[in-house]
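Hello,

Here is the structure I promised to hand over. Please open it first, then read my notes below.

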Amino acid sequence: MLFTSAETENLRMKNRLVRSATAESMATKEGYVTPQLMELYRKLAEGGVGTIITGYMFVSEDGRSSYKMTGISRDEHVEGLSKLVSEVKRVDKDVVFVAQLAHAGRQTTLGNAIAPSAVKDLFTGVEPREMTREDIERVIEDFINAAIRAEKAGFDAVQLHAAHGYLLSEFISPYTNRRRDEYGQERAKILLDIFEGIREKSRIPVMIKMNACDFIPGGLEIDEAVRIARLLDDAGFEAIEVSGGMYESIYHNRYNVVSQKVAKSGEAYFREYAFRIKEAVETPVIAVGGIKSLQVAESLLEKVDFVSMSRPLIRDPYLPLKMMRGETDRSDCKSCNLCLTAIFEGKPLGCYAKEGTGSP
Ligand SMILES: Cc1cc2nc3c(=O)[nH]c(=O)nc-3n(C[C@H](O)[C@H](O)[C@H](O)COP(=O)(O)O)c2cc1C
């Protein structure tokens, strides 16, 4: 099942395995594509995964989360991104290549953080400025323009990053969005505005990665996430990837985005959330979070449409091919998260596990 083809409304995937968006920390300081980044995606394309979602890319200059993040905020970024797409398509024209579009919101180490409301991040200590109406309109335009650039560069689709506590995730969370205007009364409004804005100018399919739960007291919970997913379904999103957690959930000692709990709680730690959303929508659903084995991936596909992996493909981009050939049926990634520590220190993405496959 995992390695059989599948379709969404506008896309055809050669299999049901997705490379979940993974920040690479490999761009130049202006956000341009580097040879190192090209090499990473060449290997992923060779490795057999059906859909590749890029690491988060900043849509606005003030939307950077860290240095070395890839940019899609300026027309000048398109040339490098086109080369990246060409490289992936040269290796395998059937890989679906998706650009993840993001704004960091309050989760930035670079200063001048903005957010729907001025709610201090208890994990990082960052105190963002509350966005004005003009800020919101400008950021919506930035997302729309970034989607058009992605289309020009040749990407097959874009994915809005509305998970993990970045700006769009902050909008849908009652904890970080305390606005009294229409963007607070309907916290999903910004997502719908961006979607409609893209649709007025382009046919590029628009996916979304959203939190089903923030794991923060007063944060987004699954019932509300289901309601929002229904709105996205009605709007015509191409696929919904279901994740959870913010940086601040670590402070609250709860689950986070890249949980290490896999060994204790079993694989696919967000599975129940993906199932709940799948029951409520017709849009294809992608499950993510701690999926390591062929067996678990196959069992998830009885209920959802796609499964997504990040850390296992950092560990070994050729894992899908090896699974297809029957050489292995599980990743040996231990979710140690040294890959995550590395990118936060500005090092390039790679498996840094002590017994790992070595440097990138
Ligand atoms: C090093 C690293 C970078 C990540 N960068 C992103 C990102 O840019 N965008 C995103 O949506 N998720 C990002 N994630 C989260 C993953 O996409 C995924 O949701 C999470 O790691 C759980 O999946 P896994 O258990 O297969 O790793 C990142 C995770 C890691 C480990």
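**Around the ligand**

Two helices, α12 (311-315) and α14 (338-344), each supply at least two residues of the shell around the ligand. Helices here are DSSP runs of H or I with at least four residues, strands are runs of E with at least two, and both are numbered from the N terminus. The largest share of the shell, three residues, comes from α14. There are 26 residues around the ligand, and Ser-20, Ala-21, Tyr-56, Ser-310 and Arg-311 come nearest. A residue is near if its C-beta atom, placed from the backbone, lies within 6 Å of the molecule. By class, the shell has 14 nonpolar, ten polar and two charged residues. Ala, Val, Leu, Ile, Met, Phe, Trp, Tyr, Cys and Pro count as nonpolar, Asp, Glu, Lys and Arg as charged, and the others, Gly among them, as polar.

**What you are looking at**

This is a predicted model: local features need pLDDT of at least 70, side-chain atom pairs count only at pLDDT 80 or more, and totals for chains, interfaces and linings use all residues. Residues are numbered from 1 along each chain as its sequence is written. The mean pLDDT of the chain (the predictor's confidence in each residue, from 0 to 100) is 94, and 95% of its residues reach 70 or more. Where pLDDT is low, the predicted coordinates should not be read in detail.

**Helix packing**

Start with helix α1 (residues 35-46) and helix α2 (residues 77-91). Their axes come within 9 Å and cross at roughly 25°. Axes are lines fitted to C-alpha atoms, for helices over the stretch in contact, and angles run from 0 to 180 degrees between N-to-C directions. That makes α1 roughly parallel to α2 (under 35 degrees; over 145 is roughly antiparallel, 65 to 115 roughly perpendicular, the rest oblique). The contact joins Leu-37, Met-38, Tyr-41, Arg-42, Ala-45 and Glu-46 of α1 to Lys-83, Leu-84, Glu-87, Val-88 and Val-91 of α2. Contact means C-beta atoms, placed from the backbone, within 7 Å. By class, this contact has seven nonpolar, no polar and four charged residues.

Next, α2 meets α3. The axes come within 8 Å and cross at roughly 45°. The two helices are therefore oblique to each other. From α2 come His-77, Val-78, Leu-81, Ser-82 and Val-85; from α3 come Arg-149, Lys-152 and Ala-153. They divide into four nonpolar, two polar and two charged.

Helix α3 (residues 133-153) also packs on helix α6 (residues 189-201), at an angle of about 45° and with axes 9 Å apart. This pair is therefore oblique. Ile-136, Ile-140, Phe-143, Ile-144, Ala-147 and Ile-148 are the α3 residues in the contact, and α6 gives Ile-190, Asp-193, Ile-194, Gly-197, Ile-198 and Lys-201.

Best wishes

Key
Two residues are in contact if their C-beta atoms, placed from the backbone, lie within 7 Å.
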